[in-house]
Amino acid sequence: LHFTTPSNMGAKGPAAGKTKEAKMKAATAKKGIKKKKWSKGRARDKLNNAILFDKETEAKLLKDVPTYKLITTSVVSERLKVTGSLARVAIRILCEKGLIKPVSHSSAMLIYTRATAIDE
């Protein structure tokens, strides 16, 4: 008994059953593909926050901040456009005046809320 097998039976992969010239052409075509470049990422805008209180920012601090439901360093810093260290000092001053009350006081996060008339 003699079985006949197709000519490309043993060949595997994308170059199966191609001539030598076709295989060479396919191999050289792949070299032309450029390597993927990493994206540069998005640059954050530089914050230009104030380092000292001016008259209007101080007035806004005393008027608006005690009405916030959640008062943290980042909230005060973001809304009043002041630095984080200045926001921490401002929160401490408001707490001493009794305008806000502490909720949680850990070393990592200072959380305050507005002081309501019922609490006093």
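Which residue just after α4 takes a positive phi? Gly 98 does, with a phi of about 85°. The model discussed here is predicted: local features need pLDDT of at least 70, side-chain atom pairs count only at pLDDT 80 or more, and totals for chains, interfaces and linings use all residues. Residues are numbered from 1 along each chain as its sequence is written, and side-chain values use heavy atoms, with hydrogens and water left out.

## Overall architecture

The protein contains four helices and two strands, where helices (H or I, at least four residues) and strands (E, at least two) are DSSP runs numbered from the N terminus. Read from the N terminus on, the order of these elements is α-α-α-α-β-β. Of the 120 residues, 18% count as buried; buried means under 20% relative accessible area, exposed over 50%, and partly exposed in between (1.4 Å probe, protein chains only). The accessible surface comes to about 10,500 Å², and 58% of this area belongs to carbon and sulfur atoms. Such areas come from the Shrake-Rupley method with a 1.4 Å probe, and for residues only the protein chains shown count as cover.

A contact means heavy atoms within 4.5 Å. Among contacts between residues at least 6 apart in sequence, 46% join residues at least 24 apart.

## Helix α3

Within α3, the buried residues are Thr 73, Val 75, Val 76, Ser 77 and Leu 80. Their cover includes α2 (55-64), α4 (84-97) and β2 (110-114). Leaving aside neighbours within four places in sequence, Thr 73 is in contact with Gly 84, Ala 87, Arg 88, Ile 91 and Leu 110. Lys 81 follows α3 and has a positive phi, near 55°.

| Residue | Relative accessible area | Class |
|---|---|---|
| Ser 77 | 13% | buried |
| Thr 73 | 17% | buried |
| Asp 64 | 22% | partly exposed |
| Lys 63 | 63% | exposed |

## Helix α4

Helix α4 has 14 residues and reaches 20 Å from its first C-alpha to its last, close to the 20 Å expected at 1.5 Å a residue. The expected span is 1.5 Å times one less than the number of residues. The buried residues of α4 are Leu 86, Ala 87, Ala 90, Ile 91 and Leu 94. Seen down the helix axis, they fall within an arc of 140°, so they line one face of α4. This arc is that of the directions from the helix axis to the C-beta atoms. The elements that cover these residues include α2, α3, β1 (100-105) and β2.

## The nonpolar core

A nonpolar core is a set of buried Ala, Val, Leu, Ile, Met, Phe, Trp, Tyr and Cys residues joined through side-chain atoms within 4.5 Å. The largest such core has 16 residues, and those with the most contacts inside it are Val 65, Ile 71 and Val 76. Two or more residues come from each of α3, α4 and β2, and α4 gives the most, with five residues. Not counting residues up to four places away in sequence, Val 76 touches Val 65, Ile 71, Lys 81, Val 82, Ala 87 and Ile 91.

## The salt bridge

The structure holds one salt bridge, defined as a side-chain nitrogen of Lys or Arg within 4 Å of a carboxyl oxygen of Asp or Glu. Asp 64 forms this bridge with Lys 63, and the closest N and O atoms are 3.5 Å apart.
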